[in-house]
Amino acid sequence: MEGLRAGRALQPALHLPFLPRHFYRAVSSNEHRLNFWKSKELCLSYIQDALLRKQWKRAAEFLTSYIESLEKDFSTVFMGPSEMIWRIGTEILCNHSRSNIREFNSFIEQMKTLGVKRYLKVCLEHAFHLLCNGLVDEAYQNLSLAESWRFGEQTVLQDKEMKLIQAYRGLLDYCSWSNQKNILLEYGKDGLEDLSVAQEMRACFRKAAVNLKEIIKIPGVWDLFVKSYVDLLEFYGDHQEAREVLTDYAYNSKFPANPNAHVYFYQFLKRHGAPKKSLISTLKILHDIVPSHELMIDFNAMLQKSKKRKRRRLGLEVIFAVLDYSGWKENVKAWSCLARQVKQIVISEKHLDWIKEQWNSRKDWWPAFHFSRYLAKRNWQEDKSLSYEKALVAGILLGKDCKYFKYVSHQGCKARVRRFRTLKKFVNEHSPAYLRISGL
Amino acid sequence: MEFPGALFPSYFGCGPPRDEGGPALAAGWGERGEVLGARPGRRQAQPPFVPLRSHEGESWTPAEAAAVPLLPPNVGCWIPAVTPQDILYRGVLHRKLRTGRSGAALDFAKQLGHFFVDHPEDAFGSLGRLLHKNFHLGDSRVRKRSARDTTIRMTTLVEKINHLEARRGCPQHQFTSRLRLFSHLCRDWLFEVPLELLADCVHEELLLQWASLLFDDSSTGGALAWLPPRDASSHMGRLVYPGGLAMNHLYFQDVVLEEQPRARGLPVQFELNGRIRQVAAARVDGQDFVGVRSDYHCGVWRMPGKTGAVPSPLQVICTDVPATCLTVSPHLSGELSVCTQSGAVYLWNIETGLQRLRHDPQTLFFRDHSPWRWSDFTAHPRVLSCADRTGILCLDARAPASCHFDFFKVGEEAKCQQGERVVLPMYLGRAHPCQYLVTTQFAIYLLDERLPLVPVLKWAHMMKAPPLFADVVPGESGRSHKVLLGTSQTQELLLLQYTGGRQTACQLTGPPQRLHSIASCLPHLPAQLPLQHHLLQQRLSIPAAGLAAVQHEQGQQESLMVFQLSEAGDVFYQTLRHEAPPTSVLDQGDEAEAAPTPNEGDEAAAPPGSPALFDSDEEEEEEEQTFYLSNLEVIINDEEEEEETVGTPAAPEEPEPRASPKPAPDVPSPAAAQRYRRWLRPLLRAWVTSPASLCPSGPPTLSQRRLFTHKELAEVAPNALQQHKLQLRQAMRERGCIQRWEPAPEPPTPPPSLEPNALSARLTAAWGGEWGAVGPAGSTLQRQQALRERRRRQKRNRAHRRLSASFTSSVTYQSELSELSEGGTPRTPPATPQVAAVCSPPRTPPPISTDILLSSQELRSRGIPKERRRTLRDYLSVWAEGPQDPPEAPSSTAGQRCIPSSQSQLSSSSQSQLSSASQPRRKRPRMGF
C-alpha cells in the first residue's frame, strides 16, 4: 500500500462524513461544551430518523427542542444551526399533512431574518415553493424583494444566487408577457391596436429581456431562460440577436455540451427557413456530440434525400451509429431507415464499400447484440415488422445462413406472410453482396 | 431515445471543488433545487412549475417491524470482526483523529504480546530450548551444587509477571525494575525473529487493518445478486450470495416470491478458494451471467434460461494484484469488465479472452492515493466507463487510447465538496439506457451520458458512511424508478425515487425513506440469556455485504422486496407495500404516536420533545451503572467499557440508533416471529459447539485473587462463600443464568453478633468510603452496634406522633444548621453529613458524671420535659460506657449507602432521612446542654 504513508497513514482512505463515535473519546476539560454538542447531535439524529421515516409530527416536536441550539451557536462550520433549522423546518412543512401555505410563509419569513448569510438562498427557495404551488404573483413579489437586498460584500455564491433571482424574475416577466400575448391573440388582431396592452407587454419584455440576457452569458445550463429570451426576441423581430444568443449557447466552449442548445439552434434555423446546408451542419455537430439523439432519424432522412454522395454516406454512418445504442435496439423506425438504405445500396450495387466500412467496426459484436437467435424469437413474438426490418439487414450483412434471418424467414414463410417470402427471395438473390461486404 | 426538451437551470464551472467545510448533517433537506416550466401539454389546473425535488411520490410502507431472515443462518461463520479496541492503544485520546489533525496510535505491542503468549514456540522456540536447563522455575532452591553455577532462579520473575497479568487494566500498575532489567537484557537475543523486524511487520499489518476498519472498499458493489424470474408469470427467482466458513462458498438459491419470499429446495453450491467480495449479475438474451470477484480471482457462471437448469462455471481469471471491480455486460453475453489495483482495466470476453483497455497507476483528474478502480458498461456496448476516486472517464473499447471523453469529475463541474470522492458508479441501464448513478460519501449524482460532466440530479444523502451498494428497481410506464443505497459499516439502507430522463427532465420524487437494517430485528427476537444476547447483537451488527431489490406483484398488491446480506453470510429481507395514491403523503408519525411502545432501556422511548432530552448524559451514566451491576464480573475495565457505552447511536456496535422509532407495525407478524425462531435455533445450537463460545469476548475481567487472600475471604462467611462457589460452578457447567445471587439461608437482618470481625468492619466502612474512619478501636463499632440496637427498640416503642415530629424537624434542618453555625462550632458542610458525623471532632458534652445526669431531679432542674427524660436517660447510659465516642453510629446511614445508588443521587430526600436520623443530637443545644 503505497498510499498509506506516514503522517496521513492513520486517517481514513476517504474523507468520511461521520467518523464513528467510538473512534474517539470525550475529554473532561471542556466537557460542558461537549455535552451540549453531544445532545445537540443526538437531537439532530432523532430528527433525521423521524424525517427518514416520514414521521413529520415527531420530527417537528424534536425540532422545537433543537431550536435551543441557536442560543449557543459559536460554530464556524459551513452549515450552522440556523440553516439546518431552515432546511428541516421546510422539509417538515412541505410534507406535513396539516401545514398550509400561510404557516409556511411565516416560517420562512422568520428564517430569512435568522441567517444573513443564506438570505438569498432562502428567498430563492421560498419563491420556488410558491411557484410550485401556483402562487406566481407572490413569488414575483418575493423575488423583487430579494433583489433589492444588500448586505456587506457579496461572496461568489451570493453573487450567483442574486443572478439566479434576477433570472427567475425575468422568467416570470416573460410568463406574464406571454399571457398577455395569448390574450391578444385570442381577441384577434384588433387587440394589438389596444395601446395600453401593447405598452404593458413592451414593459414586460424590457424587464424580462434585461434579466434573461444577463444570466445566459454565464456558463451553465439555461434551457428555460434561453428559450424564453429567444421567444421574446423573435416576437419583436430581432432575429439577429436571437441567432447570436443561440449560436453562443450552442458553440461557446465554456458552456457544457448540452444537446438542447443544438436542438434549439436547429429548430430556430428550421423556423426561419435556413438553407439545408446549415441545417445539416448543425445536425452534424449534434451527431458528433450525441450520436444517439432522436433528431438523428430526421437527419438520416434528410441526408438520404440528398443527391450528394457524401451526404448519403454520412446518412448511413448516422443510422448505423444510432443503432449502436441499446436504447434504439428495438426501434422499428431506425431499423426501417437502415433497411431501406441498405436495400437501396444493394440493389444499385454501388457503394457496397460504404456498408463494408461501417460493418467492419461492428461485425464482431453486432451479431451477438442484434442478431442472436434469442432476439429473433423475441422480436418475432413481439413485433413482426421490427423482425422483418432486422431480418433484411441481417440477411444482407450476415448472409442467408445467419441465425436471425433464418429463423425469421422460416417463421414468416410458415405464417404465410407474403413480404417475408419476398424478403427471402431478395436476400437469396443478393447473396454476392454479402460476400463483398464481409470481404470473402 | 428522447432527450428532455428543457433541463433544470444550473451553473457550470470548471476547476477544483469549492470549500464547503465538511459534511452537513441536514444538507439534503428542504430544497426544491430549481424549478422548470411544466410541459405545455399539461392541464391548466396543474401549477405552471415543477421542482427538481418534488414532494409527491409513491408511498411505500414497510410491511414488517424489522428485517426478517430469509435463509437459515450461515452457522459456519464465527470469525469475529476486528474492532478499534483491538488495534488502538487504550486510553489514547482519539478526538484529534476526528478533526483530522492527528492519527490514532496503533497498539502493535499488544499484538506482539498476544503472539508471544499464543505462539511461544514460534516466538522463542530455539532459545527456549537452549536455555531451559539454565532457568529454574520451581519454588524450591536449587540443590545440586553442580547445577547451582549454571542455573538462575527465575521464580520471582515469573511471579512478577503473574502479578502484572492480574493487574491488567489497572490504571496504577507499574513495571517493576526487575522486569524492565530483564527485558533490557534479553531484547537482542531472545526472539526467534528479530524484535524490530517483527514489530515493523505487525505495525504494517495493523495499519492495513486500521485502514480497512475506517473504510473498506473491497466489498464495493455488494456480494448479493438477484436473478429475476424467467417470465412475468412465474414468481421464482434466484439469489446468488456467498456463505460458508470464510465466505468462500457461492450459493445459488431458488426463492419464490409470494406474500413472503421463501427459499425453495437446497441451494446449488460451489466452493471457491478465496473470500467472495463481489457478485455481479446481468441478463443477456435470456441467460443470466454471474460474475464473482475475490481478491485474486474472478470467475463467471452462466445460468441457462431453461427452468430447472443448473448454473455452470465458465471461466476463471487470476490477477497478480487484487481486483477491485467486476461488472457484467447487460448487452453482450459473456462479456465482463475487470479492474485491478494496479490501475488496469480489462474487457473480459469469455470467447476472446482479456483485452486491456487502460493501464494507468495515476488517477484520472487529480492525484489521489487510493488504488481503487471501477469500470462499468454504458448505453453503447463498446463504450466502457473507467472510474477512480477522482472521476469517471468513458472510453471506446475499439480504440481506447484515442476515443474517450470525461464523464464525471469531482470538481466544480458537478458542484462537489472538498474531499469528496467517487465511491460507487453504477450503470442504470434497466431504468434508462443512458443514465448513470454515482455515489460519493456525501451525495448521489444522476448523470446522463448524453450530457457529460453536468449531473442531471444531485442530492446530499446524509448517510453516516459512504454507500457501497446500490440497486435500482425500474418503474415501468411513467412510474418512478427506485434506487436503493446501502452502506457497509452502519448497515444503513435508503430508498429514493426519481422520474424522468425521456420527455421530462429528471426529478427526485417523494421524500427519501430509511429502511430497516439487519440489526433492527434484535429487539424482536425471543429473549435470550445475556451471553447469547451479546452474541446475537454482535452477529446482527456485522457490516452489511450486499443488497438486492425486486419489485413484485401479488394480485393487486405491489410490493418491493429488499434483500440484505451481512458479512457473516446471513440473508435478510424486508417487504415494502405500495399504497394507493389517494393518501398521497401519509403522516406516519401520527399513527405511530397513537400507540407508543416504550422499550425498556431504550432511550428512544423518551417522549419526543421532553426536556429529558438534553439531560441525556445523566441517563447514560445510569445506564452504565445498571450495566455494571448486571454483569457478574468482579471489576470491569472502566475505560473500554466507557468507550462502548458512551458511543452515540451511530456506533457500529449497535448500528441501529437507539433513536429508532417503531414504524407502523410494531411487532413482527406471526410468520415473521416464526422465522426469527427458526433462524435463531440453529444459530444458537451451532454456537454452543463452536470454538467461539469458549472465549466469549465480554469486557475484560480482573482476577480477584490478589485483592483478598483466601483466608481473609473465608473469614467473612465461610459457609456462604462455599455456597456461592458451588452455585457459580454449577451455573457455569450448565451455561445457565445465576438467578439468585443470594442463596444463603441467612436471616434478612444480620444477627447482632457480639464479635463482628475486623474484616467485615473494614469492608462496611470501605463501602461507605470512609477509609479514614476505620481506626484500631474495635470497641467503637461494638458500642455503636449496641446503641443502634437500643435505639431501634426505642423507636418501636415510640408513638408515631414522634415520628411526625421528626419529619417537621427534618424540614427545618437547614435553618437549624445555620443556627448551629451561629453558635460558633465549626462544622463540615451539610452536603456530606455522614462524613461530618464521623470526622468532625465530637462535640463532647461537659464532663459531668453520668450518675448525676441520670437522676431525674437533675433533669428536671435542667428544664427537660418529662416525656423526654427517659429517652435522654437511655441515651446517656450508652454514653456512660464510652463518653469519648460520637453518639451516632455512621453505620445506620452507611448501611443505606451500601445500596449502590449513584453518588449523584444524594438528593434532598436522603438528606432529610439523614437529618431525621441524627435528630436527637441536633436538638441537644436547645435542651440546654
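Both W365(A) and F369(A) are buried in the predicted model. The structure contains 38 aromatic pairs over all chains.

In chain A, the charged end of K343(A) is placed over the ring of F426(A), at 5.6 Å from the ring centre. In chain B, R389(B) lies over the face of W372(B), and the distance to the ring centre is 4.1 Å.

The overall composition of the two chains was examined next. Chain A has 23 helices and one strand, whereas chain B has 26 helices and 36 strands. Of the 440 residues of chain A, 54% count as buried; in chain B, buried residues make up 47% of the 929 residues. Among the contacts of chain A with a sequence separation of 6 or more, residues 24 or more positions apart account for 58%. For chain B, 58% of the contacts between residues at least 6 apart in sequence join residues at least 24 apart.

Helix packing in chain A is illustrated by α2(A) and α3(A). Two packed helices are described by the angle between their axes and the distance between the axes. Helix α2 of chain A spans residues 56-66 and helix α3 of chain A spans residues 81-95; their axes come within 10 Å and cross at roughly 155°. The two helices are therefore roughly antiparallel to each other, since the angle falls in the class over 145 degrees. The crossing of α2(A) and α3(A) is left-handed. On the side of α2(A), the residues that meet α3(A) are W56(A), A59(A), A60(A), L63(A) and Y66(A). Their counterparts in α3(A) are P81(A), M84(A), I85(A), I88(A), G89(A), E91(A), I92(A) and N95(A).

A further helical position in chain A is I280(A), which is found in helix α13 (residues 276-289). I280(A) has a relative accessible area of 7% and is therefore buried, the limit for this class being under 20%. Apart from neighbours within four places in sequence, I280(A) is in contact with F299(A), M302(A), L303(A) and R311(A). I280(A) and R311(A) are 31 residues apart in sequence, and their C-alpha atoms are 9.1 Å apart in space.

Backbone geometry was considered at two loop positions. Most residues other than glycine have a negative phi. In chain A, by contrast, phi of E349(A) is positive, with a value near 55°. E349(A) is found in the loop between α16 (332-348) and α17 (352-360) of chain A. In chain B, K415(B) likewise has a positive phi, near 55°. K415(B) is placed in the loop between β24 (404-409) and β25 (422-427) of chain B. With a relative accessible area of 24%, K415(B) is partly exposed.

Note on methods:
Residues are numbered from 1 along each chain as its sequence is written. Chains are lettered from A and ligands numbered from 1 in the order in which they are written. This is a predicted model: local features need pLDDT of at least 70, side-chain atom pairs count only at pLDDT 80 or more; totals for chains, interfaces and linings use all residues. Side-chain values use heavy atoms; hydrogens and water are left out. Rings of Phe, Tyr and Trp (its six-membered ring) pair if their centres lie within 6.5 Å; planes under 30 degrees apart count as stacked, over 60 as edge-to-face and the rest as tilted. Buried means under 20% relative accessible area, exposed over 50%, partly exposed in between (1.4 Å probe, protein chains only). A charge sits over a ring if NZ of Lys or CZ of Arg is within 6 Å of the ring centre and within 35 degrees of the ring normal. Axes are lines fitted to C-alpha atoms, for helices over the stretch in contact, and angles run from 0 to 180 degrees between N-to-C directions. Helices (H or I, at least four residues) and strands (E, at least two) are DSSP runs, numbered from the N terminus. Angles under 35 degrees count as roughly parallel, over 145 as roughly antiparallel, 65 to 115 as roughly perpendicular and the rest as oblique. A crossing is left-handed if the near helix is turned anticlockwise from the far one by less than a right angle, and right-handed if clockwise. Contact means heavy atoms within 4.5 Å.
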